[in-house]
Each structure stands twice: as structure tokens, then as C-alpha cells.
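Dear colleague,

I am passing on the structure below, and the notes that follow it set out what was found. Please read them with the model open beside you.

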Amino acid sequence: MRKENIIVQGIENQNDMDKMAKALYDVWGVQKVDVNLTNGEAVVSYDENAGSLIDVKQAILDSGYKIINNDGTFDENKNE
């Protein structure tokens with residue numbers, strides 16, 4: 001099991017949290033999702049033998065949100 005903390009831009013209300021959680025749970029291998037409205041963070045636990053971080057990030061991007069990298073840049077490409 002692998003756990004990733006991902007900072008996401010655009011989470012503004014409960015509907016956004018629910019939309020992102022649903023998209024993430026649809027990713028094969030995702031076991032647990034915790035989306036924090038206050039800090040815009042998604043904590044995702046998944047089976048790395050079934051899914052990948054690329055799959056998780058793509059689900060976020062496909063839902064219409066942006067991922068903020070540690071250096072403050074946006075990750076808008078699943079292959080990065």
C-alpha cells in the first residue's frame with residue numbers, strides 16, 4: 001500500500017470534495033481517499049500493484065482540478 005499527499009487547486013466546497021473523491025475511488029487500486037477543503041490536499045492510499053501515481057493524478061486532472069507540485073508549479077501532464 002502506498003500513500004500520496006497531493007496539493008490540488010480548485011477545491012472550494014463539499015461538491016468539489018465529493019467529485020474528486022468519486023474520481024479517485026474510480027481509479028483501480030485506490031483504497032482510501034481523504035480530501036481536505038481547508039488546505040486543498042488529497043491524501044490517497046492505493047495498491048501500487050494495481051494502480052499508479054500517474055493514474056491518481058490523471059483522475060484529478062480529468063476532474064477539472066490542477067495539481068500543485070512541491071516547487072509551486074502546476075502539474076498538468078500525467079506523464080510528468
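A residue is called buried when its relative accessible area is under 20%, exposed when that area is over 50%, and partly exposed in between, with a 1.4 Å probe and protein chains only. The model is a predicted one, in which local features need pLDDT of at least 70 and side-chain atom pairs count only at pLDDT 80 or more, while totals for chains, interfaces and linings use all residues. Residues are numbered from 1 along each chain as its sequence is written, and side-chain values use heavy atoms, with hydrogens and water left out.

Asp-75, at 2% relative accessibility, counts as buried, and it lies in strand β5. Its side chain makes a polar contact with that of Lys-57 at 3.1 Å; such a contact is a pair of N or O atoms within 3.5 Å, where within protein one must be able to donate a hydrogen and the other to accept it, and residues adjacent in sequence count only if both atoms are side-chain atoms. Lys-57 is itself among the buried residues of α2, together with Val-56, Ala-59, Ile-60 and Leu-61. Phe-74, also found in β5 (residues 74–75), is by contrast partly exposed, with a relative accessible area of 36%.

As for the overall fold, the protein has 2 helices and 5 strands, these being DSSP runs numbered from the N terminus (helices H or I, at least four residues; strands E, at least two). From the N terminus on, they run β-α-β-β-α-β-β. The 5 strands form an open sheet in the order β2-β3-β1-β4-β5, with antiparallel pairing, where two strands pair if DSSP finds at least two bridges between them. β2 and β5 stand at the edges with a single partner strand each, so one side of each is left without a neighbour in the sheet.

α1 packs on this sheet, touching β1, β2 and β3, and its direction makes about 160° with that of β2. α2 packs on the sheet as well, touching β1, β2, β3, β4 and β5, at about 25° to the direction of β1. Axes here are lines fitted to C-alpha atoms, for helices over the stretch in contact, and angles run from 0 to 180 degrees between N-to-C directions.

Within the sheet, β1 and β3 pair over 6 bridges, and Ile-7 stands opposite Glu-41 in β3. β2 and β3 are likewise joined by 6 bridges, with Val-44 in β3 as the bridge partner of Val-33. Their hairpin has 4 residues between the strands, and Gly-40 takes a positive phi near 65° there.

Leaving aside neighbours within four places in sequence, Val-56 is in contact (heavy atoms within 4.5 Å) with Ile-6, Leu-24, Val-27, Val-30, Val-44 and Tyr-46.

Finally, 40% of the 80 residues count as buried, and the C-alpha trace spans about 30 × 25 × 20 Å along its principal axes.

With regards
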